[in-house]
Amino acid sequence: MTENIVPYIALAGVRKAYRIGGEMIPIFSGLDLAIPDGDFVAVMGPSGSGKSTLLNMLAGIDSLDAGTLRIGNSCLDQMGEAARAAWRAHNMGIVFQFYNLLPMLTAAENIELPLLLKPLSRKERYIRVEKVLDLVGLAGRERQYPALMSGGQQQRVGIARAIVSDPGLLLCDEPTGDLDRKSADEILDMLRFLNRELGKTIVMVTHDPQAALYACRTLHLDKGDFVEEKRAA
Ligand SMILES: Nc1ncnc2c1ncn2[C@@H]1O[C@H](COP(=O)(O)OP(=O)(O)OP(=O)(O)O)[C@@H](O)[C@H]1O
Ligand SMILES: [Mg+2]
């Protein structure tokens, strides 16, 4: 029986070009993509193929030149920059290759940052930070500064910050690109847990075929289009 799954993310006819030295260089000329709710997708592709551009469009950081982008019930292509930023703060978490933690803040203060945009009391913020610290296996480390943590621990803080607002969608750009195999696998196990147990929809860009195996499916981006990888059952 085939289920009729309504895509959580729907990109249709998307065009995007960058102006480089007076010339418009097309990155996407009619890109379509549908990601159902609860999916975990790995995006691979050569350097410069547009993986980060895709994530930035999904995040509402980059606008589309043409086409539509719907996530849930929201049409991001119809929103201005401020509305997209507000939407992003409520609906998605972003995990970066180099963690993007603020060095002068402790682990707990870094994780708390997205909550400062919300009407929450100090106590409520504290409870949420403790909960996600526990979830990523860093209970008791709240007062530690990023510089004193390993790469894997810093990325756990990065993931905790991405999920502290309880978004439905996680966008990860090379989340294990700076980690050794063991730490990478721990982070990937955590992403798999967030997908399977907490129902987060995840789009993860990676160069690492082993990392891609943690996802439910892999899309290869090349020459402005996607090719889905066939997996042995
Ligand atoms: N802000 C920008 N201005 C001009 N050109 C850009 C901009 N951002 C990206 N590009 C160009 O768009 C193309 C796609 O870039 P993008 O960063 O999305 O690639 P990528 O697949 O993420 O590459 P990598 O694997 O190296 O991270 C590249 O040719 C890049 O030079
Ligand atoms: Mg990139």
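Begin with the shell around ligand 1 in this predicted model, whose residues divide into four nonpolar, seven polar and one charged. In this grouping Ala, Val, Leu, Ile, Met, Phe, Trp, Tyr, Cys and Pro count as nonpolar, Asp, Glu, Lys and Arg as charged, and the others, Gly among them, as polar. Residues are numbered from 1 along each chain as its sequence is written, while chains are lettered from A and ligands numbered from 1 in the order in which they are written. Local features need pLDDT of at least 70, side-chain atom pairs count only at pLDDT 80 or more, totals for chains, interfaces and linings use all residues, and side-chain values use heavy atoms, with hydrogens and water left out.

**Stop 1: the ligand**

Select ligand 1 together with Tyr 18, Ile 20, Ile 27, Pro 46, Ser 47, Gly 48, Ser 49, Gly 50, Lys 51, Ser 52, Thr 53 and His 207, which surround it; each has a heavy atom within 4 Å of the ligand.

Now display the polar contacts, that is, pairs of N or O atoms within 3.5 Å:

- At Gly 48, a backbone N or O atom lies 2.9 Å from an oxygen atom of ligand 1.
- At Ser 52, a side-chain N or O atom is 2.9 Å from an oxygen atom of the ligand.
- At His 207, the corresponding side-chain distance to a ligand oxygen atom is 3.4 Å.

The protein buries 59% of the 640 Å² that ligand 1 exposes when taken alone, as computed by the Shrake-Rupley method with a 1.4 Å probe.

**Stop 2: the helix**

Which element gives the largest share of the shell? Helix H1 does, with three residues. Helices (H or I, at least four residues) and strands (E, at least two) are DSSP runs, numbered from the N terminus. Select residues 51-58 to see H1 lying across S1, S2 and S4, at about 120° to S1. The angle is taken between N-to-C directions, on a scale from 0 to 180 degrees, with axes fitted to C-alpha atoms, for helices over the stretch in contact (heavy atoms within 4.5 Å).

**Stop 3: the sheet**

Next, select the open sheet of four strands, ordered S2-S1-S4-S5 with antiparallel pairing; strands pair if DSSP finds at least two bridges between them. Its edge strands, S2 (23-36) and S5 (74-75), each pair on one side only.

Strand S1 (residues 7-20) pairs with S2 over 11 bridges, and Tyr 18 stands opposite Ile 25 in S2. These two strands form a hairpin with two residues between them, and Gly 21 in the turn has a positive phi of about 55°.

Finally, follow the five bridges from S1 to S4 (residues 66-71), where Ile 9 stands opposite Ile 71.

Conventions
A polar contact is a pair of N or O atoms within 3.5 Å; within protein, one must be able to donate a hydrogen and the other to accept it, and residues adjacent in sequence count only if both atoms are side-chain atoms.
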